[in-house]
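Visitor: I am new to this structure and would like to be shown around. Could you put it up, please?

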Amino acid sequence: MSLEPVVSVRTYALVLLALILLTFLTVGISFIHLSGGWHITFGLLIGVVKASLVALFFMHLLHSPRLSWLIVFLALVWLLLLFALTLADYFTRELIPFMPGH
Amino acid sequence: MSSDGKLLTADERHMLEHSILVRHRLEEQFENLEQQHFTGTSAMWVFLATEVMFFGAIFLALAVYRYKYPLEFEKASERLEWIIGGTNTIVLLLSSFTIVMAVHSAQLGESKKIARFLAITAALGFLFLIFKGIEYYLDYRENLIPGWRFDPGEWLGPDKLQNAQQVGHVKLFLIFYWVMTLIHGLHVLIGIVAVLIIMALAARKHFSPVYYTPVEALALYWHFVDIVWIFLLPMLYLLGTHTHFGF
């Protein structure tokens, strides 16, 4: 008897395979000519998928109590606040022309 | 008394040993081993939440400057050794698999396998650092170290950058590259030391299916360091379009 549900080796192996394939995909995309911010967009999207796989299966989040989910959720909320508020500033700076004296 | 004259039957002896083991491992502030286990892993999750903020701030700064200076950051990103960066991603993913197998072995009570999988994990961690070292040496030869080995002239010219200010932005990207990979490398190094300590305990049969919280907590940390690298790969190495294949 173990303290947590025992996940099969097969599941871990499949997750590893998916992670390696996604790594090849993300490197492969860097050879396609894309303009603007598309490289970073695809890179981060694949990164989020890979990180979710690691957290859910390797870090056993899927079988963890709600307290662990809450901590992860709060960490992500804080990260979102940090990014959203800061980038909301930098992304909108050029929208309003600089007019000294007004 | 059992039929063969001993005080306890095999089953009774087994149950007694089991309860002694449980009492030995259970600290008095906890109700049961399960509660103790999830208190321990939750504490590691809280620590990782602080790490999310620590790395998050640096990633945010990188994102802001990538937004401000897209051309320079893409040009600088193309000069990094993406083959080593990509290979190291695979190395860390494999090590995540081996450490989760160590946890799996602990859940099944196979002490020797815990130690063996942790040894492979530490070896993969070392391999990551060796590749990183080779990469740093190549960066040194390629003049990619601002303040020490850097030649502004090679970044200027037609089809390249136009002025010294833009070269300054290239330096900024490279400083992000060095700071982020060094901090991440430090995390890997600390992880290797922790893996070796837990490996020594596992070899002395310290863990069992009712008590393996340190193995699980260590694995959580190791996976987190892997996740940081998963994001470092696109944010540092894959910003622009790669046109050539090789070093």
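**Layout of the two chains**

Guide: From the N terminus on, chain A runs α-α-α, where helices (H or I, at least four residues) and strands (E, at least two) are DSSP runs numbered from the N terminus. The radius of gyration of chain A is 20 Å, well over the 13 Å that the globule rule gives for 102 residues, so chain A is more spread out than a compact globule. That radius is taken over C-alpha atoms, and the globule rule is 2.2 Å times the number of residues to the power 0.38.

Visitor: Before we go on, what kind of model is this?

Guide: It is a predicted model, in which local features need pLDDT of at least 70 and side-chain atom pairs count only at pLDDT 80 or more, while totals for chains, interfaces and linings use all residues. Residues are numbered from 1 along each chain as its sequence is written, chains are lettered from A and ligands numbered from 1 in the order in which they are written, and side-chain values use heavy atoms, with hydrogens and water left out.

Visitor: And what is the order of elements in chain B?

Guide: Chain B reads α-α-α-α-α-β-β-α-α from its N terminus. Its radius of gyration is 25 Å, well over the 18 Å from the globule rule for 247 residues, so chain B is also more spread out than a compact globule. Along the principal axes, its C-alpha atoms fill a box of roughly 95 × 30 × 30 Å.

Visitor: How much of chain B is buried?

Guide: Buried residues make up 51% of its 247 residues; buried means under 20% relative accessible area, exposed over 50%, and partly exposed in between (1.4 Å probe, protein chains only). For chain A, 34% of the 102 residues count as buried.

Visitor: Let us turn to H7 of chain B. How many residues has it?

Guide: Helix H7 of chain B has 25 residues, 213-237, and reaches 36 Å from its first C-alpha to its last, close to the 36 Å expected at 1.5 Å a residue. The expected span is 1.5 Å times one less than the number of residues. Of those 25 residues, 23 are buried.

Visitor: Where does H7(B) bend?

Guide: It bends by about 25° at Phe231(B), and Pro234(B) follows within four residues. The bend is the angle between axes fitted to the seven residues ending there and the seven starting there.

Visitor: What lies in the segment after H7 of chain B?

Guide: His242(B) is found in that segment. With a relative accessible area of 2%, His242(B) is buried. Leaving aside neighbours within four places in sequence, it is in contact (heavy atoms within 4.5 Å) with Ser30(A), Phe31(A), Trp82(B) and Tyr237(B). Its side chain also reaches the backbone oxygen of Tyr237(B) at 3.5 Å.

Visitor: Now for H4 of chain B. Why is it described as largely enclosed?

Guide: 23 of the 26 residues of H4(B) are buried, so this helix is largely enclosed by the rest of the structure. Gly86(B) is placed in H4 of chain B, and at 9% relative accessibility it counts as buried.

Visitor: What does Gly86(B) contact?

Guide: Leaving aside neighbours within four places in sequence, Gly86(B) is in contact with Thr23(A) and Leu233(B). Gly86(B) and Ile230(B) are 144 residues apart in sequence, yet 9.6 Å apart in space, C-alpha to C-alpha.

Terms used: Polar contact = N/O pair within 3.5 Å; in protein donor to acceptor, adjacent residues only side chain to side chain.
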